[in-house]
Amino acid sequence: MSKYITTPIYYVNGEAHIGHAYTTFIADTMARYERLKNEDVYFLTGTDEHGQKIEESAKKNGKPTQQFADEISATFKNLWDEFEISYSQFIRTTDEDHKKGVQKAFEMMFAKGDIYKDFYEGHYCVSCETFFPETQLIDGEFCPDCGRSTSVVKEESYFFRLSKYQDALLNHYAQNPDFILPKSRANEVINFVKGGLKDLSVTRTSFSWGVKMPASMNDDKHVMYVWLDALLNYVTALGYGKDDAKMNYWPASVQFVGKDILRFHAIYWPAFLMSLDLPLPKTIGAHGWWTRDGEKMSKSKGNVIAPKEVSDAYGAENLRYFMLREVPFGQDGDFSQRAFIDRMNSELSNDLGNLLNRIIGMSSKYSDNVIDSVDVMKYHAKEMNDMHTIVDSLDQYMEAIQPHRYLEELWRLFAIGNKAIEEHAPWTKIKENRKDEALATVALVANVLAKAAVMLHPIMPKTTSIIADALGFEINYASYKALILDKELLKVFNIKNVPPLFPRIEEPLMPEAPKAMPDNRPEIAEKKEEKLKKAEAPKAEADNLIEIGQFFQTSLKVGIVIEAQEVPKSAKLLKLQVDLGEEKPRQVVAGIKEHYSAESLIGSCVCVVANLKPAKLMGMVSEGMLLAAKDESGLSLIRPEKPKKAGTPIG
Ligand code: ME8
């Protein structure tokens with residue numbers, strides 16, 4: 001059976017960071033894993049190059065849009081090449097074949113009656129390339145996804161009858177429990193669809209950097225909506241709309257996406273496919289979000305990590321290992337050098353690297369480098385059995401897209417090897433003239449390492465090839481079949497000396513992240529946090545523990561409200577002057593108008609986050625944020641139980 005695996009296609013408005021690398025690493029791991037099993041794999045990645053956002057980025061950089069797209073697209077491709085990502089094709093949405101495929105799909109949808117022309121008036125977020133209904137905006141203006149300002153756009157548009165597919169989608173989710181993995185993410189999609197699907201505007205007239213309408217539509221004012229264009233890459237890459245040359249790979253076995261774009265892939269994309277009478281992908285695998293040292297990465301904070309920076313410092317495959325091992329697939333993860341170094345030292349260097357070096361050392365001393373498995377079953381049947389039980393269990397974790405579990409289990413093999421050496425202490429057996437036993441333990445460990453290397457190959461292809469070479473074999477389907485499927489032992493061989501593969505690291509090798517400031521729009525940060533919490537409701541607090549030092553980075557103070565006014569034309573905002581015991585009162589713009597009248601606040605104590613970067617809300621500077629608790633019954637401000645002086649620290 002063939003396997004088709006995809007990454008999202010990345011926007012060319014900026015260079016790759018470790019979030020992009022993570023998606024790509026997982027997809028590459030899966031592709032390599034399937035190839036190891038002798039599957040016929042097609043692995044697609046590429047860049048998403050149309051839309052207003054790219055047009056604007058090019059302008060900001062003073063470059064023609066196509067040239068800008070060419071340059072950034074090349075940085076992605078070069079990076080993946082440097083990381084030896086084993087893609088079969090790198091698609092660009094500016095490829096002529098892709099554009100033709102999109103036009104063809106548009107014609108098909110139109111012919112089917114799924115596309116009609118109307119007017120669209122809505123709030124558009126350029127950054128997310130998405131319209132939002134007013135009810136979803138924060139304070140009637142800001143994007144609920146990224147917090148940026150939206151603008152009102154009214155334009156003639158073609159619409160896709162998304163509403164028509166609501167029931168079919170719900171039915172598909174119900175019938176195919178593996179359509180969205182991890183399953184914990186399915187509910188947010190199902191609820192969204194149950195909430196009612198509106199038809200989707202799929203063309204734009206407000207800019208021109210997009211796939212043109214098909215000539216048959218005779219309407220060249222419009223260009224395609226970037227998400228219609230982008231999603232179709234997954235089939236145009238296979239020749240859809242041209243020669244269908246590789247359409248035998250469709251439907252995809254797994255399409256990897258970040259949770260930010262799950263909605264597009266689990267709702268719009270299957271609806272488009274239904275309209276085109278194409279089967280739906282088997283699984284959309286949605287992973288969580290990476291932060292750096294607990295902070296969201298963003299260009300403005302200057303704390304984005306380039307994958308190359310990490311790989312130059314620590315090695316590309318070590319980065320792959322860390323990212324896949326550190327985070328349960330689907331959950332958010334944090335990149336910190338401390339955590340990285342800890343895993344490298346304890347798991348890669350101690351558990352794996354030392355084990356190899358120990359048997360290299362012993363073989364050279366005891367057996368002239370010759371390792372022979374002849375007596376392994378005689379002395380180590382139990383270990384062999386335990387090892388094969390673990391090896392047999394691994395496939396289920398990769399199939400369920402749980403690389404962290406896969407690696408966790410795989411590491412139990414090294415525990416077997418290390419324990420056998422400790423317990424059987426070959427050096428004493430040699431002294432006691434029980435050389436056969438000593439050599440059987442060394443050979444057991446060689447077999448542990450060989451089988452582990454085969455199974456670790458999809459995650460660390462080069463490192464495991466070095467290990468295999470030291471153990472006298474090559475990793476390919478034949479050795480997978482022999483060592484893993486048929487549970488064979490290594491044939492007699494001469495072990496090669498290799499320098500330590502994972503030297504211990506004592507100190508961070510990269511500069512630390514600049515201390516990032518919190519989201520610079522307090523009201524938005526607060527609302528976004530609320531939304532996020534709702535979306536990820538069951539996530540245990542324990543997953544989000546912070547250090548006390550992180551807590552104390554927030555300066556909380558008692559303030560006394562000395563002036564309060566309603567903000568004209570805002571349903572939610574009050575403008576306050578708050579005394580924090582400083583030279584001048586602070587102006588704080590707070591979204592509490594629905595819960596407190598301006599007069600009622602004057603003279604009262606409030607708790608203020610005092611070290612937020614000032615931000616502008618409806619044109620007014622806000623220099624702090626009030627603490628409040630909100631539930632179904634409303635919002636109440638958090639205040640000291642007894643009045644306290646202005647500026648009293650809280651903590
Ligand atoms: O959304 N943590 O492209 P994009 C984890 N062009 N993953 C992250 C991440 C982070 N901090 N930041 C980005 C687009 N990603 C569209 C996709 S597909 C038809 C069109 C990863 O450049 C994650 O996989 O914004 C996310 O989905 C992808 O990069 C988005 O990349």
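These legends walk you through several close-up views of one predicted model. In this predicted model, local features need pLDDT of at least 70 and side-chain atom pairs count only at pLDDT 80 or more, while totals for chains, interfaces and linings use all residues. Residues are numbered from 1 along each chain as its sequence is written, and side-chain values use heavy atoms, with hydrogens and water left out.

**View 1**
Helices (H or I, at least four residues) and strands (E, at least two) are DSSP runs, numbered from the N terminus. Here 6 strands form an open sheet in the order 3-2-1-11-12-7, with parallel pairing. Two strands pair if DSSP finds at least two bridges between them. Which strands stand at the edges? They are strand 3 (89-92) and strand 7; each has a single partner strand, so one side of each is left without a neighbour in the sheet. Further in, strand 1 and strand 11 run parallel and are joined by 2 bridges. Look for threonine 6, which stands opposite glutamine 255 in strand 11.

Rings of Phe, Tyr and Trp (its six-membered ring) pair if their centres lie within 6.5 Å; planes under 30 degrees apart count as stacked, over 60 as edge-to-face and the rest as tilted. By this rule the count comes to 31 aromatic pairs. One of them joins tyrosine 4 and tryptophan 250 edge-to-face, at 5.9 Å centre to centre and with 70 degrees between the planes. This pair links distant parts of the chain, 246 residues apart: tyrosine 4 sits in strand 1 (residues 2-11), and tryptophan 250 in the loop between helix 8 (233-236) and strand 11 (254-258). Are these two residues buried or exposed? Both tyrosine 4 and tryptophan 250 are buried, where buried means under 20% relative accessible area, exposed over 50%, and partly exposed in between (1.4 Å probe, protein chains only). Ring pairs also link Tyr4, Tyr42, Tyr234, Tyr249, Trp250 and Trp269 into a cluster.

You will find proline 251 in the loop between helix 8 and strand 11. Another cis peptide bond runs from leucine 181 to proline 182, with omega near -5 degrees. Proline 182 belongs to the loop between strand 7 (180-181) and helix 6 (186-194).

Strand 13 (residues 290-292) and strand 14 run antiparallel, joined by 2 bridges. Arginine 292 stands opposite glutamate 295 in strand 14. Contact means heavy atoms within 4.5 Å.

**View 1. Two residues other than glycine have positive phi.**
Aspartate 293 has phi near 50 degrees, a positive value in a residue other than glycine. Its place is in the loop between strand 13 and strand 14, and its relative accessible area of 28% makes aspartate 293 partly exposed. Asparagine 369 is not a glycine either, and its phi is positive at about 75 degrees. Asparagine 369 lies in the loop between helix 12 and strand 16 (370-371), and counts as partly exposed at 26% relative accessibility.

**View 2. Helix 12 packs against helix 16.**
Helix 12 (residues 337-366) and helix 16 (residues 435-456) pack at an angle of about 145 degrees, with their axes 10 Å apart. Residues making the contact include Leu352, Leu355 and Ile359 of helix 12 and Leu439, Val442 and Leu449 of helix 16. The residues of this contact divide into 12 nonpolar, 1 polar and 1 charged. Here Ala, Val, Leu, Ile, Met, Phe, Trp, Tyr, Cys and Pro count as nonpolar, Asp, Glu, Lys and Arg as charged, and the others, Gly among them, as polar.

Definitions and conventions
Axes are lines fitted to C-alpha atoms, for helices over the stretch in contact, and angles run from 0 to 180 degrees between N-to-C directions.
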